[in-house]
Amino acid sequence: MRIVGAHLYPLPGETRAVGTIRRIIDRHGVEHARLVLCILAEGRGNNALIDETSLWAISDLLRACPDLVEGKTSDLLEMFDALPLGPMMATVNELRGVVHQRHALAGMIYLYARQLRSAPIVFKPADRGKMRKVKISEGEKRAA
């Protein structure tokens, strides 16, 4: 992977999302960022899609689903090789201005990963201190 200046349009295997890469490193460490970059740079057909949205979406997914990472790395890379990231990003782009692209893409990748696996993906429990208070519980919403 190669980093290009902000004034250039990135070619396959290039990115100009230096700030995003720096923020991922600062928040989650070099090894985590290296895995995210490896997934995008080494993935078949996905290397042209190394931007802020794809970097954050994959980072979020790897953090939320540690069982994806705990297995063999080759299995994880094979899953992302088969992932139709370009069409997913095009679909997510239709929601621009309404839904955060990063979150929508992470959800789509999660759904794809879940369909590929026979067992459900295991989530890392949410930090209660970071959860927002909700006025109505999910059960109350369903009952209404």
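**Helix packing in the predicted model**

His32 touches Ile24, Ser59, Leu62 and Arg63 when residues up to four places away in sequence are not counted. The structure described here is a predicted model. His32 is found in helix H2, which spans residues 30–42. With a relative accessible area of 15%, His32 is buried, because the cut-off for a buried residue is under 20%.

One of the residues touched by His32 is Ile24, which lies in helix H1. Ile24 is likewise buried, with a relative accessible area of 2%. Neighbours within four places in sequence aside, Ile24 is in contact with Gly29, His32, Ala33, Leu55, Trp56 and Ser59. Along the chain, Ile24 and Ser59 are 35 residues apart, while in space their C-alpha atoms are 7.7 Å apart.

Helix H1 covers residues 18–28, and its buried residues are Thr20, Ile21 and Ile24. Viewed down the axis of H1, these buried residues fall within an arc of 100 degrees, and therefore they line one face of the helix. The cover over the buried residues of H1 includes strand S2 (14–15), helix H2 (30–42) and helix H3 (52–64). Gly19 also has its place in helix H1. At 33% relative accessibility, however, Gly19 counts as partly exposed. Gly19 and Glu52 are separated by 33 residues in sequence, and their C-alpha atoms are 8.7 Å apart in space. After H1 comes Gly29, which has a positive phi, near 95 degrees.

Two packed helices are described by the angle between their axes and the distance between the axes. Helix H5 (residues 73–82) packs with helix H7 (residues 101–116) at an angle of about 115 degrees, and the two axes are 11 Å apart. The crossing of H5 and H7 is right-handed. On the H5 side, the contact is made by Met79, Phe80 and Ala82. On the H7 side, the contributing residues are Ile109, Tyr112, Ala113 and Leu116. By class, the residues in the contact of H5 with H7 divide into 7 nonpolar, no polar and no charged.

Helix H6, comprising residues 85–93, contains Leu85. Leu85 counts as buried, at 1% relative accessibility. The C-alpha atoms of Leu85 and Leu105 are separated by 8.8 Å, and the two residues are 20 positions apart along the chain.

For the chain as a whole, the secondary structure comes to 8 helices and 2 strands. Read along the sequence, these elements follow the pattern β-β-α-α-α-α-α-α-α-α. The chain has 144 residues, of which buried residues make up 35%. Among the contacts in the chain with a separation of 6 or more, 60% are accounted for by residues 24 or more positions apart. The accessible surface of the chain comes to about 9500 Å², and carbon and sulfur atoms account for 55% of that surface.

Technical notes: Residues numbered from 1 in each chain as written. Predicted model: local features only at pLDDT ≥ 70, side-chain atom pairs only at ≥ 80, totals over all residues. Heavy atoms only, no water. Helix = DSSP H or I, 4+ residues; strand = E, 2+ residues; numbered from the N terminus. Buried < 20%, exposed > 50% of the residue type's maximum accessible area, 1.4 Å probe, protein only. Contact = heavy atoms within 4.5 Å. Areas by Shrake-Rupley, 256 points an atom, 1.4 Å probe, with all protein chains shown as cover. Arc of directions from axis to C-beta. Axes fitted to C-alpha atoms, helices over the stretch in contact; angles between N-to-C directions. Left-handed = near helix turned anticlockwise from the far one by under 90°. Nonpolar A, V, L, I, M, F, W, Y, C, P; charged D, E, K, R; others polar.
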